[in-house]
Amino acid sequence: MKDKVTFDITRRGFLGTALGGAAALAAGPSFAQANTLNILSHRVHQAVLMPDGGENLLAEWKSAQDAEAAFTTFDSNPLMDRLFREASLGSTDYGVGYMVDNRPTSEIASLFEPLDSYQKDDPIEDFGDIAPGLVQGMTVDGNLIGIPVRHATQGLFYNEALLEEAGISAPPTTLEELVEQAGKLTFTSSAGTPVTGMILASDLAVFPVMFARAYGGDFITKDFELVPSPEAMEKGLDTLRGMFEAGSLPRSYATTKNDDMVTWIQQGRAAFTVLPFARNAQLNNPEQSKYPGKIKATAFPGSSSLPSGTPMAAVTEAWAMVVPKNAGDKQLAWSYIKEVSSKRVTTGMALNGNGPVRVSSYADPALIEKNPVAEVEAEVLATARGAFPPFPEAARAQATMLEEVQLAVIGRKPVKEAVAAIIERVKPLMPS
Amino acid sequence: MRSGRILVVAGKAVAVAALLTWSLVPIAFVVMSSVKPGQEIFAVPTVYAFEPTLEHYAELWRRWGQFFDGLIDSAIITAGATALAIIASTCAGYVYSRNSSRFLNASVMFLIVVRLIPPIVVTLPLFPLVNIMGLNDTHIVLMVLYATFFVSLGTVLMRTFIDQIPRELDEAAQIDGAGRLTILRRVIVPLAAPGILAVAVFVVVFAWNEFLFAFVFTATKAKTAPLVISEMIGSIDGVDWGILFAASTTQLAPILIFVVLMNRYLVAGLTAGATKG
């Protein structure tokens, strides 16, 4: 031990340090700089605008506005949580947020700037070219609160190599064919891999909704009609139940997640799945997939019992750009939205893997060449709609529905009873 | 008699093996998958013999530069939170150890109660407050929060350690003219070093891995590595498992090394006061 240690703290010194520290803290964090637009988004929204090693699609906007775009990125649900919390504050540093179209209830929409007047004063290029259904999804109580920027529309993916191995020459065109092919494809492949005909996640409403729609039914319509055709919903669940019984759905159906669908199809463990068309590149990525170039996509087929000419409405989910009411420079935010919504940037983002919201983008030769599923995606998008409309109790309604669907599919509850329970339990959650 | 002993030993071996399998298999899977070719990570039948590759680490470096920024942020925040928690816990532990009053005894109970509050309960009300103070997206806010959550446990631990240091040493130092702070620095801290290290282990492990506070209170400037990893489990563009496992291994390595090195202090911390009569 040393002889002498001094450690003097005087009251004045302590007070000075404390005050100095507090002042430094108060002065320290400066978030938004002049001409910096803070954007709250998913990483993919940033990546399609500024791809690694690719053209920065925001370069022109940056130069014209003398501004920088600073992205803060989160995964989908955390992103929504953060966006709504920021918009609830007295003020926020974020000028633009990305919102998914199943979220804007009247209450949430009231946190965001109505964009009609911006569109009137300084319109987006050829606004009518943006899919009207997507625009409708972001119109709440008559106010346009978001400009669509990306969609993810569900398609039927199949492993062409496995189909060939099972002697199937073409993908199904009716739901009945799909069920039959999935049955045939529940086998052990020549590679020694046990194959399940189809894999679907059990925790997403998309799949039972698609099966109900295949028979002309639905879960909740855009006019908030709950299970408009119980018979169609029963048929859809009966089909899923039959597939599970036949082993065409995995035994682990009740615990199957979205990521399992991707890995199973990449590994040749399943022959069919339902995923957004945008997943095509990932499913065929040679670094991850055992079947690069062999995973193809087509429209999810409706039942042959559907009246002729009735389109199968696949499920689509769209993202839109919104401006929090408590944001600072809203004109800068609008200039960004205008730029990102332009034809040039929309097509550029589509070439980088974004689901384009403009109909004209699908006619772009470069996109057709680069994206083999662009054509079928455009066709499906024409009649696609959301899984269900936004309302305050939507999450609980979805969870309730899925609970009953799971019981029906794994045979713990008769299908008829499950559908009746969906109607009975979800009804009180519906908006009045 | 002998066969009975063999059975006991065998039973213990099986129990230890089961425990190790339970704990180590997930870690081994993550580490192995980080050097496995992407196609083979989830292959069925499972591929055990493969040519290791560092490709996922290279991709992690190339595509997820923000992960490494996140590691730096995590390190800064962890270091700050640990220092704060140690200072506060040691001072408080010293006071609790050397003083006694009805108020102090009651406040020990309060410290324990504070630990029972689920973090989410305080997180959301704190958000607007932190925002008003201009501390959002700073390292400081996380340092303070992490330290706050561990000061209670740290204080109780430090009190137990300091209780074991004879009061006569304080008195001897006092006679030599030392003040309270000098006694704390020159006498208590060196002798209670194992306790300080035990507290440090708890805080470091918590702060390095914490997600909820970091998610709520940071955006870009103080974004920690667990937040970046959570983004890799993207629900929109899919998961690149090889990169995710490489990031998880990178995140895990320093803390694993730290905990292994500090293992004996951790045990000392957990058993502190256990033999006190």
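## Labels and their cut-offs

User: What makes Phe224(A) count as exposed?

Analyst: Phe224(A) has 12 C-beta neighbours inside 10 Å, so it counts as exposed. The rule goes like this: 20 or more other C-beta atoms within 10 Å of a residue's own (C-beta atoms are placed from the backbone) means buried, 12 or fewer means exposed, and in between is partly exposed. One heads-up: this is a predicted model, where local features need pLDDT of at least 70, side-chain atom pairs count only at pLDDT 80 or more, and totals for chains, interfaces and linings use all residues. Residues are numbered from 1 along each chain as its sequence is written, and chains are lettered from A and ligands numbered from 1 in the order in which they are written.

User: Where does Phe224(A) sit, and what is its phi?

Analyst: Phe224(A) is in the loop between helix 10 (206–214) and helix 11 (230–245) of chain A. Helices here are DSSP runs of H or I with at least four residues, strands are E runs of at least two, and both are numbered from the N terminus. Phi of Phe224(A) is near 65 degrees, which is positive in a residue other than glycine. Most residues other than glycine have a negative phi.

User: Asp137(B): buried or exposed, and how do you know?

Analyst: Buried, because Asp137(B) has 20 C-beta neighbours inside 10 Å. Asp137(B) is in the loop between helix 5 (119–132) and helix 6 of chain B, and has a positive phi too, about 60 degrees, without being a glycine.

User: Why are helix 6 and helix 9 of chain B called roughly antiparallel?

Analyst: The axes of helix 6 (residues 139–163) and helix 9 (residues 193–209) of chain B come within 9 Å and cross at roughly 160 degrees. Axes are lines fitted to C-alpha atoms, for helices over the stretch in contact, and angles run from 0 to 180 degrees between N-to-C directions. Under 35 degrees counts as roughly parallel, over 145 as roughly antiparallel, 65 to 115 as roughly perpendicular, and the rest as oblique. Helix 6 and helix 9 of chain B are therefore roughly antiparallel.

User: Which residues make that contact?

Analyst: Among them are Tyr146(B), Phe150(B) and Leu153(B) of helix 6 of chain B, and Pro194(B), Gly195(B) and Ala198(B) of helix 9 of chain B. Contact means that the C-beta atoms of two residues, placed from the backbone, lie within 7 Å. By class, the contact of helix 6 with helix 9 of chain B has 13 nonpolar, two polar and no charged residues. Ala, Val, Leu, Ile, Met, Phe, Trp, Tyr, Cys and Pro count as nonpolar, Asp, Glu, Lys and Arg as charged, and the others, Gly among them, as polar.

User: What makes helix 2 and helix 12 of chain B roughly perpendicular?

Analyst: The axes of helix 2 (residues 55–63) and helix 12 (residues 241–261) of chain B come within 8 Å and cross at roughly 85 degrees. Helix 2 and helix 12 of chain B are therefore roughly perpendicular. This contact of helix 2 with helix 12 of chain B has six nonpolar, two polar and two charged residues.

User: What is the peptide bond between Val44(B) and Pro45(B) called, and what is its omega?

Analyst: A cis peptide bond, with omega about 0 degrees. Pro45(B) is in the loop between helix 1 (2–34) and helix 2 of chain B.
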